Amino acid sequence: MGLVSSFLGILGFAVGIPLGLFVGFFLFVYSETKHVKDPVVRPISELGPNALQELLPEIPLWVKTPDYERVDWLNKFLLDTWPFLDTAICKIIRSRAQPIFSEYIGKYQIKAIEFDKLSLGTLPPTVCGIKVLETNGKELVMEQVIKWAGNPEIVLSVYVASLKITVQLVDLQIFAAPRVTLRPLVPTFPCFANIVVSLMEKPHVDFGMNVLGGDIMSIPGLYRFVQETIKKQVANLYLWPQTLEIPILDESSVAIKKPVGILHVNVVRAQKLLKMDLLGTSDPYVKLSLTGDKLPAKKTTVKRKNLNPEWNEKFKLVVKDPQSQVLQLQVYDWDKVGGHDKLGMQLVPLKVLKAYENKEFTLDLLKDTNLNETPSKKPRGKIVVDLTFVPFKEDSSKFGGPSEGYSRKESGIDIVSDDEVQEGAGLLSIVIQEAEEVEGDHHNNPFAVLTFRGEKKRTKMMKKTRHPRWNEEFQFMLEEPPQHEKIHIEVMSKRKNFSFLPKEKPAT
């Protein structure tokens with residue numbers, strides 16, 4: 001009976017296959033095709049919410065929130081440079097992780113911890129949108145939304161006694177909304193000194209972890225515990241207002257130094273100056289400034305036809321770093337036509353001065369300060385100046401504090417009297433940043449004029465704009481602290497003037 005059933009099975013298989021092929025071919029050739037209808041095309045506006053959700057499972061952030069901008073170019077940049085970024089980031093991870101691993105070696109019978117494989121994969125993060133925030137400080141603030149569904153290859157080996165435990169990270173997904181601040185903005189490439197990063201909300205991190213080939217994240221309750229632990233730890237470190245600061249430039253090269261005192265300069269006289277005019281005389285005047293100061297140089301009056309002029313004119317210069325700044329003295333011969341001829345110059349480092357002490361200098365004028373050139377033997381005369389450095393009260397302790405005595409010294413160095421330098425002296429610093437919606441039917445050329453205690457200063461003129469941005473700093477010397485005074489700021493143009501009175505500015 002078994003032999004008969006086997007024979008019939010083979011016979012059915014041998015007959016069934018050719019018969020099936022013949023019937024299928026006949027139906028394919030001789031059957032009539034049905035008419036195919038054209039698809040119905042409808043505008044998106046006529047589709048219902050369910051149809052729209054199927055077409056657009058995730059609406060882009062730059063559509064939902066107009067403040068965010070598309071950054072397709074940035075995602076293309078990340079895609080093209082990701083292989084190189086992957087290598088660089090992995091090197092940083094290895095270097096940062098090595099000291100952490102070293103702390104555990106020797107504990108719990110751990111002999112070694114090392115990466116067998118470390119790669120972030122081939123899929124870069126995607127920046128879904130970016131928003132730039134306006135601030136009044138010297139900084140650039142950007143907020144991004146970043147998603148990363150990566151395929152990293154991270155395998156960590158832990159050698160415990162004679163056992164090797166392999167831990168592998170798989171299926172990593174991250175969703176984060178960081179705020180990146182570039183500050184302060186400085187005139188040194190790349191034009192910012194630090195990158196400050198903080199998270200605006202708790203990040204979402206999802207991943208799998210294989211230990212000895214098994215996914216431990218599938219253990220009931222462990223997945224939720226790990227998720228909450230990661231969010232809590234990251235929030236404690238980087239959730240705003242906590243920040244991660246990454247230095248880019250050396251602080252010493254970009255430090256924005258505040259004023260620490262005032263240099264009182266008395267240009268006394270000059271002697272035996274060069275004869276620059278045809279009649280054997282000169283019309284000298286002196287320009288004085290501090291290195292590192294962007295403010296215009298101060299000038300004495302012009303002494304006509306005098307080779308031994310007496311000025312006795314006093315000036316005040318703002319000092320930011322007495323250890324590095326230098327006083328520049330340049331003597332010129334005034335000419336009515338053409339450029340003014342330089343009679344000579346000299347430099348005085350401020351580090352040779354002691355706080356609150358008046359010192360007189362008699363200096364030989366030089367052609368220039370280039371030490372590589374052969375000095376000129378032709379005498380150019382001398383200049384006599386009195387210098388006194390007076391630090392502000394809050395910085396007085398840095399420079400030894402005020403002297404107790406005010407009597408004259410016979411050694412040529414005098415202690416400044418209370419009448420000459422007042423204890424209440426200070427500096428008022430004002431920064432004019434910008435103006436908006438400047439009045440006028442046409443694009444004028446606006447500029448701002450500041451008036452304080454009768455002293456006027458003005459910004460540069462911005463041509464053809466109603467939204468001028470100056471970002472200029474002005475300084476007013478204070479002989480005494482301000483008493484309920486106001487600063488008058490007037491924005492002017494060729495056709496209209498308009499002004500306002502800001503609130504009282506404190507002296508610094």
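Colleague: In which strand does Pro-184 lie?
Modeller: Residues are numbered from 1 along each chain as its sequence is written, and this is a predicted model in which local features need pLDDT of at least 70, side-chain atom pairs count only at pLDDT 80 or more, and totals for chains, interfaces and linings use all residues. Side-chain values use heavy atoms, without hydrogens and water. Strands here are DSSP runs (E, at least two residues), numbered from the N terminus. The run covering residues 178-185 includes Pro-184, and that run is strand 6.

Colleague: What is omega for the peptide bond between Arg-183 and Pro-184?
Modeller: Let's stay with Pro-184, a residue of strand 6. The bond joining Arg-183 to Pro-184 is cis, and its omega is about -15 degrees.

Colleague: Is Lys-272 buried or exposed?
Modeller: Look at the loop that runs between strand 11 (261-271) and strand 12 (284-290), where Lys-272 sits. Lys-272 is not a glycine, yet its phi is positive, near 55 degrees. Buried means under 20% relative accessible area, exposed over 50%, and partly exposed in between (1.4 Å probe, protein chains only). Because its relative accessibility is 69%, Lys-272 counts as exposed.

Colleague: What is the relative accessible area of Asn-312?
Modeller: Asn-312 belongs to strand 14, which spans residues 310-319. Its phi is near 55 degrees, a positive value for a residue other than glycine. Asn-312 counts as partly exposed because its relative accessible area is 47%.

Colleague: And what is the relative accessible area of Leu-244?
Modeller: You can find Leu-244 in strand 10. Leu-244 is partly exposed because its relative accessible area is 35%.

Technical notes. Helix = DSSP H or I, 4+ residues; strand = E, 2+ residues; numbered from the N terminus.
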